[in-house]
Amino acid sequence: MSLPVSLQPMIRADLHVHSIFSDGRHTPRELCDLAQEAGLTHMALCDHDTLSGHAPMQEAVNAVNERIARSGGHPLTLLPGVELSTGDTGTTHILGYGVEAGHTRLEEVLAECEKRRLERFQATLDRLKELGIQIPSQLIPENLEGPLGRAHVARILVKMGVVRSVGEAFGRYLAEGRPACVPYRHMTTLEAIDLLCRVGTVPVLAHPCRMNLSQPALFALVESFQEGGLQGLEVYHPSAPGDLIPILDAFARRRGLLVTGGSDFHGDRKTDELGRLPGDWQTQPQDVSALTARIT
Ligand SMILES: [Zn+2]
Ligand SMILES: [Zn+2]
């Protein structure tokens, strides 16, 4: 039986955050500082296709918690996660919660993704060169082992003054069908869900409203993912329109899916804010507890 709301511990969670280990702008330490400013008690690091931020993030969280232990306040709990890009265009994203380093099969798959991302990054630079945009080598990140995405290229184009924003870089050059878009083969969504289940993590469909499906089509798709092992739905995401949130929330609960929420913080846009979730997530403490119980 769950505790009455008044007796539940104070929980303020952001279950979807990116760091410099994928396409976020902030280091683990900076994220911890921002989490403290935002008063977060729980934060999930869900970098794209990599677990490499987990150890530095845990170290940063430990340091913050030592400080908190001395000065008082709520400790910060880190949920280790990952965000896998899936489907034909890679725009269906599956979050895996509770994923720890040391899962050999998962790390093998992620290493393969990383290799292909690097190949795509270089091919994208070649395409841009053909279009007359020569990227100076000093603007190319030194650490080419990270999971590079199109967002990295977009930021370089902004820095060069070729475009004014990351959005414009995608719209003109990098989005599907644009001249510098290099195709990339992603896992299918069901393969990703199956992989995450097999390594003992909790798969959750990220930002369902970004899929631009009609409601019946989205619900049917979620049901098919659930048959494949999906355990939750990221209802509270900045992309979800306010009027759709209660419908998604009720749908997820009716289906016995976990309800989660996250800001998808990258630190890129002025509107990005760690801990800022849409809607009124009144059931946050119970939902976060249900997720952490599933993980442990
Ligand atoms: Zn995503
Ligand atoms: Zn994300």
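Start by selecting His18 and Glu83: both are buried. Keep in mind as you click around that this is a predicted model.

**Stop 1**

His18 and Glu83 link distant parts of the chain, 65 residues apart. You'll find His18 in the loop between strand E1 (13–17) and helix H1 (28–37), while Glu83 sits in strand E3 (residues 77–86).

**Stop 2: the zinc ion (ligand 1)**

The zinc ion (ligand 1) is held by Glu83 (OE), His93 (ND1) and His207 (NE2), at 2.1 Å. The spacing of these donors in the chain reads E-x9-H-x113-H. Glu83 is in strand E3 and His93 is in strand E4 (residues 92–97), so this pair ties together parts that are ten residues apart in sequence. Like Glu83, His93 is buried.

**Stop 3**

His207 belongs to the loop between strand E5 (202–205) and helix H7 (215–227). Although His207 is not a glycine, its phi is positive, at about 25°. Follow the loop between E5 and H7 to Asn212. Asn212 isn't a glycine either, and has a positive phi of about 55°. Buried or exposed: what is His207, and what is Asn212? His207 counts as buried because its relative accessibility is 2%. Asn212, at 70% relative accessibility, counts as exposed.

**Stop 4**

Zoom out and colour by domain. The domain assignment gives domain 1 (11–108 + 185–295) and domain 2 (109–174). Taken over C-alpha atoms, the centres of domain 1 and domain 2 are 25 Å apart. The contact uses 19 residues of domain 1 and ten residues of domain 2. About 1300 Å² is buried between domain 1 and domain 2, with carbon and sulfur atoms giving 50% of that area. How many salt bridges are found across the interface of domain 1 and domain 2? There is one.

**Stop 3: salt bridges**

Across the model, the count comes to twelve salt bridges. Pick Arg117 and Asp49 to begin with: their side chains meet in a salt bridge, with 2.6 Å from N to O.

Next, select Arg164, Glu168 and Arg172, which are linked in a network of salt bridges. Arg164 pairs with Glu168, with the closest N and O atoms 3.4 Å apart. Arg172 meets Glu168 too, at 2.9 Å, N to O. Arg172 and Glu168 both lie in helix H5 (residues 166–174), four residues apart, or about one turn of the helix.

Arg253 is partly exposed, with a relative accessible area of 34%, whereas Asp249 is buried, with 12%.

Notes:
Residues numbered from 1 in each chain as written. Chains lettered and ligands numbered in written order. Predicted model: local features only at pLDDT ≥ 70, side-chain atom pairs only at ≥ 80, totals over all residues. Heavy atoms only, no water. Helix = DSSP H or I, 4+ residues; strand = E, 2+ residues; numbered from the N terminus. Buried < 20%, exposed > 50% of the residue type's maximum accessible area, 1.4 Å probe, protein only. Domains from an automatic or database assignment. Contact = heavy atoms within 4.5 Å. Buried area = accessible area lost by both parts, 1.4 Å probe. Salt bridge = Lys/Arg side-chain N within 4 Å of Asp/Glu carboxyl O. Donors = N, O, S within 2.8 Å, 3.2 Å for Na, K, Ca; no water.
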